[in-house]
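User: Could you take a close look at one part of this model for me? I would like a connected walk through a single region and then its setting in the whole chain.

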Amino acid sequence: MNTPCKPIGLWLDYWTWTHLDGLDSTVGINAAALGTDVSFDSMTGCFTKCNAGLSFSNTDLIASLTVNDKGDTLSASYYHTVKPLTNTAARVNNFSNASALIQHEWRPRSFFTLSGEVDTKAVDKSAKFGLALVLKP
């Protein structure tokens, strides 16, 4: 049963109770949002799913923090417009993986992207690097 609700100054994407004892909700304003996805098994008395996220957005950046897998996975990401034609992004998690990219639109609808990923706990292993070129007429 989906029941949209739009209080003054707030938006509620969805708020759902299911027959599986679950709750999915998102609430926020223009600059920030908070969301959850929780399921409870009433037969065993255990949570089967527990995820939450928080995001902040501005005209030139988006930052988010998510907790998934009942708190076992923590991820943070950041997306920023450096110049009108250049974007950067970064992501880290609690498994010591860090990745980043920089993307530049050097012609209309044509992009040059450089990306990398590293395991910060195993710096003796090779890091992964990527290079992409998108050409559109």
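Analyst: In the hairpin of strand 8 and strand 9, two residues sit between the strands, and Arg-109 there takes a positive phi near 65 degrees. Strands here are DSSP runs of E with at least two residues, helices are runs of H or I with at least four residues, and both are numbered from the N terminus. Before going on, please keep in mind that this is a predicted model, where local features need pLDDT of at least 70, side-chain atom pairs count only at pLDDT 80 or more, and totals for chains, interfaces and linings use all residues. Residues are numbered from 1 along each chain as its sequence is written, and side-chain values use heavy atoms, with hydrogens and water left out.

Leaving out residues up to four places away in sequence, Thr-113 touches Leu-101, Ile-102, Gln-103, Gly-130, Leu-131 and Ala-132, where a contact means heavy atoms within 4.5 Å. With Gln-103, the side chain of Thr-113 makes a polar contact of 3.2 Å. Such a contact is a pair of N or O atoms within 3.5 Å; within protein, one must be able to donate a hydrogen and the other to accept it, and residues adjacent in sequence count only if both atoms are side-chain atoms.

Ile-102, found in strand 8, stands opposite Leu-114 in strand 9. At 40% relative accessibility, Ile-102 counts as partly exposed. Both Ile-102 and Leu-114 belong to a nonpolar surface patch, together with Trp-106, Phe-112, Leu-131, Leu-133 and Leu-135, and the patch has about 720 Å² of accessible area. Patches are made of residues with over 30% relative accessible area and no salt bridge, with nonpolar side chains (Val, Leu, Ile, Met, Phe, Trp, Tyr) joined within 5 Å and like charges within 9 Å. Strand 8 (97–107), strand 9 (110–119) and strand 10 (128–134) each supply at least two residues of this patch.

Now for the wider setting. The protein has zero helices and ten strands. Of its 137 residues, 18% count as buried. Its accessible surface comes to about 9,900 Å², of which 65% belongs to carbon and sulfur atoms; these areas come from the Shrake-Rupley method with a 1.4 Å probe, and for residues only the protein chains shown count as cover. Among contacts with a separation of 6 or more, 7% are between residues 24 or more positions apart.

Elsewhere in the chain, the structure holds one salt bridge, meaning a side-chain nitrogen of Lys or Arg within 4 Å of a carboxyl oxygen of Asp or Glu. The partners are Lys-49 and Asp-37, with their closest N and O atoms 3.4 Å apart. Lys-49 lies in strand 4 (residues 46–57) and Asp-37 in strand 3 (residues 32–41), so the pair ties together parts that are twelve residues apart in sequence.

Methods. Buried means under 20% relative accessible area, exposed over 50%, partly exposed in between (1.4 Å probe, protein chains only). Two strands pair if DSSP finds at least two bridges between them.
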